[in-house]
Amino acid sequence: MSDAKNISLEEKFQEKIDSDIQIEPKDWMPERYRKTLIRQISQHAHSEIVGMLPEGNWITRAPSLRRKVALLAKVQDEAGHGLYLYGAAETLGASRDSMIRDLHSGKAKYSSIFNYPTLTWADIGAIGWLVDGAAIMNQVPLCSCSYGPYARAMVRVCKEESFHQRQGFEIMMTLCNGTPEQKAMAQDALNRWWWPSLMMFGPNDAESSHSAQSMAWKIKRFSNDELRQRFVDMSVPQAKILGITIPDPDIKWNEERGEHDFGEIDWEEFWNVVKGNGPCNKERIKTRVKAYDAGKWVRDAAVVYSEKRRKRKEQNLSKSA
Ligand code: 3HC
């Protein structure tokens, strides 16, 4: 296609984005737009699937049947979120096998937060409250992302995330109103999950390699720092209600700016975990590869079944012709 033609296609595409017309799978789109969507959506899907592991660790240890049922439902929801998102990435031409291969080989990323261990039951509360709270903060704007299938997947995901966040906060509330040991367990969980939750929003805007372009394409509606700030401003009063202390001595209300000041994130820790050197990175991928290999017979059976169905359909068609 000639350059002139390509430029006008690109201009028409950007006009659609600027007028908030959603892009659908069959629409023309710049290759770079398609590629960055596959990158972000597939890594989002990986995060959902790997995110099942830290919480899955507590399904058999939940303190009551009620807690077990809620945690089971949450972990199953995360699996469903992963499947929606792999499906959204496939509408862009990505293959499920190649996305899974990239996860297993370490080529693709998933959210750093899932590389931390869940040491006590309070961690399940802190994950629901903070991790799903951060995920909601980041995912609600994605409901108006310029790519239709991603935006529609997010609407369903966000409805379920709000249940996740609420059940987590309720676990923390129960512990904080419990015995001193239970409250101490909740404080310990907040101490360990607070900073990794802030890291979920990605590097500072100045260091973010994709933000500017993703915002010009309305994939991202707000910057990493804007969403992080909103998350801090939302969480500080919640911690006050719980009666536990956010592990950041620099957190304080800034009247002038109308938001909280907070301390510097340990970016060395962030990049270290992203690069695969977090407490649980190796274990998480090993578990994912083992589960994938163990599920091979299901995938093979599904292929044989669909092949049989296709052949039977063809025979019926030729009989009726
Ligand atoms: N963990 C791992 N990698 C991260 C990261 C994190 N917390 N934050 C950023 N990165 C990576 C980016 O993927 C990018 O690397 P890449 O080029 O190899 O993909 C690099 O760091 C630079 O970051 P940018 O800010 O430039 O990248 P993005 O513009 O893609 O922004 C993002 C990062 C904000 C995570 C964005 O990708 C996004 O909004 N993704 C969709 C939401 C998502 O994936 N959330 C993850 C959690 S899902 C979850 O919590 C499920 C819930 O049910 C519990």
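At what angle do the axes of helix α12 and helix α13 cross? The two axes cross at roughly 40° and come within 4 Å.

## Basis of the model

This is a predicted model, in which local features need pLDDT of at least 70 and side-chain atom pairs count only at pLDDT 80 or more, while totals for chains, interfaces and linings use all residues. Residues are numbered from 1 along each chain as its sequence is written, and side-chain values use heavy atoms, with hydrogens and water left out.

## Helix α12 and its partners

Helix α12 covers residues 281-294 and helix α13 covers residues 296-320 (helices are DSSP runs of H or I, at least four residues, numbered from the N terminus). Axes are lines fitted to C-alpha atoms over the stretch in contact, with angles from 0 to 180 degrees between N-to-C directions. Tyr292, Asp293 and Ala294 in α12 meet Lys296, Trp297 and Arg299 in α13 (contact: heavy atoms within 4.5 Å). By class, this contact of α12 with α13 has 3 nonpolar, no polar and 3 charged residues (nonpolar: Ala, Val, Leu, Ile, Met, Phe, Trp, Tyr, Cys and Pro; charged: Asp, Glu, Lys and Arg; polar: the others, Gly among them).

The axes of α5 (residues 96-105) and α12 come within 10 Å and cross at roughly 145°. From α5, Asp97, Ile100, Leu103 and His104 meet Ile285, Arg288, Val289 and Tyr292 of α12. The contact of α5 with α12 has 5 nonpolar, 1 polar and 2 charged residues.

## Ligand shell

Of the 31 residues around the ligand, Glu78, Lys109, Glu161, His210 and Lys220 come nearest (a residue counts as near with a heavy atom within 4 Å). The shell divides into 12 nonpolar, 12 polar and 7 charged residues. Helices α2 (31-50), α6 (121-142), α7 (148-176) and α11 (267-277) each supply at least two shell residues, and the largest share, 6 residues, comes from α2.

Polar side-chain atoms lie 2.7 Å from a ligand oxygen atom for Glu78, 2.6 Å for Lys109 and 2.9 Å for Ser208. The protein covers 91% of the 1000 Å² of accessible area that the ligand has on its own (Shrake-Rupley method, 1.4 Å probe).

Key:
Polar contact = N/O pair within 3.5 Å; in protein donor to acceptor, adjacent residues only side chain to side chain.
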